[in-house]
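Subject: Handover of a predicted model

Dear colleague,

I am passing on the structure below for your use.

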Amino acid sequence: MTEADKKMISDIFDSESMGYAYVYPMGGNIRQEYLISLSPENIANFIGKHGFDAEKIIITDVADRLVVNTSMVFLDTCPNQELCQEIIGYLAPIQLGETEAGSVLAVGRDTADEYFAEEDRFVAMAELGMQ
């Protein structure tokens, strides 16, 4: 894992809300999975970067509860309507081509899993050292 990956994961943690994004590419290619920040702006930027090439995107919190899903680049289901309105505020200019999607706080799920496994090893070693 690179230092850039570790920094990105740290930035995602610092955003105080994280979850998972599942991108289903057009043409039935293999689903892509990401750990992402769940800030409204980050969700909009993520959808703006991936939505035009995806059949659908499903974003959940870490407890696997639906945050939002899309049909291409358009919001389909968003249980929290207040969050939905915030996302639309950032996403609409991207959809209309008025702005480009900004930077995204996200890493591949494999990278996130590797990071968490490494953290678990450090915790276990620290606990063993304390005994």
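The notes below go from the whole chain to the sheet, then to the helices and a few single residues.

This is a predicted model, in which local features need pLDDT of at least 70 and side-chain atom pairs count only at pLDDT 80 or more, while totals for chains, interfaces and linings use all residues. Residues are numbered from 1 along each chain as its sequence is written, and side-chain values use heavy atoms, with hydrogens and water left out.

Overall picture

The protein has four helices and six strands, where helices (H or I, at least four residues) and strands (E, at least two) are DSSP runs numbered from the N terminus. Along the sequence these elements follow the pattern α-β-β-α-β-β-β-α-β-α, and the C-alpha trace spans about 60 × 30 × 25 Å along its principal axes. Of the 131 residues, 34% are buried; here buried means under 20% relative accessible area, exposed means over 50%, and partly exposed lies in between (1.4 Å probe, protein chains only). Among contacts (heavy atoms within 4.5 Å) with a separation of 6 or more, 55% join residues 24 or more positions apart.

The six strands form an open sheet in the order β5-β4-β3-β1-β2-β6, with antiparallel pairing, two strands being paired if DSSP finds at least two bridges between them. Since β5 and β6 (106–108) stand at the edges and each has a single partner strand, one side of each is left without a neighbour in the sheet. Neighbouring strands are turned by 25° against each other on average, direction ignored; axes are lines fitted to C-alpha atoms, for helices over the stretch in contact, and angles run from 0 to 180 degrees between N-to-C directions.

Strand β1 (residues 18–25) and strand β3 (residues 54–61) run antiparallel and are joined by seven bridges, with G19 opposite D61 in β3. On the other pairing of β1, six bridges link it to β2 in the antiparallel sense, and Y20 has L35 of β2 as its bridge partner. The hairpin of β1 and β2 has six residues between the strands, and G27 in this hairpin takes a positive phi near 85°. β2 in turn is joined to β6 by three antiparallel bridges, where Y34 is partnered by G108 of β6. Two residues separate β4 and β5 in their hairpin, and M72 in the turn has a positive phi of about 60°.

The helices

Helix α2 (residues 40–50) lies across β1, β2, β3, β4, β5 and β6 and runs at about 160° to β3. α2 is mostly covered, with eight of its eleven residues buried, including P40, I43, F46 and I47. I88 is located in helix α3 (residues 81–95) and is partly exposed, with a relative accessible area of 34%. Leaving aside residues up to four places away in sequence, I88 touches L75 and P93; its C-alpha is 9.3 Å from that of F74, a residue 14 positions away in sequence.

Backbone angles to check

Most residues other than glycine have a negative phi, and most peptide bonds are trans. E16, in the loop between α1 and β1, has a positive phi near 70° and counts as exposed at 73% relative accessibility. D64, in the loop between β3 and β4, likewise has a positive phi near 70°, and D64 is exposed with a relative accessible area of 55%.

With best regards
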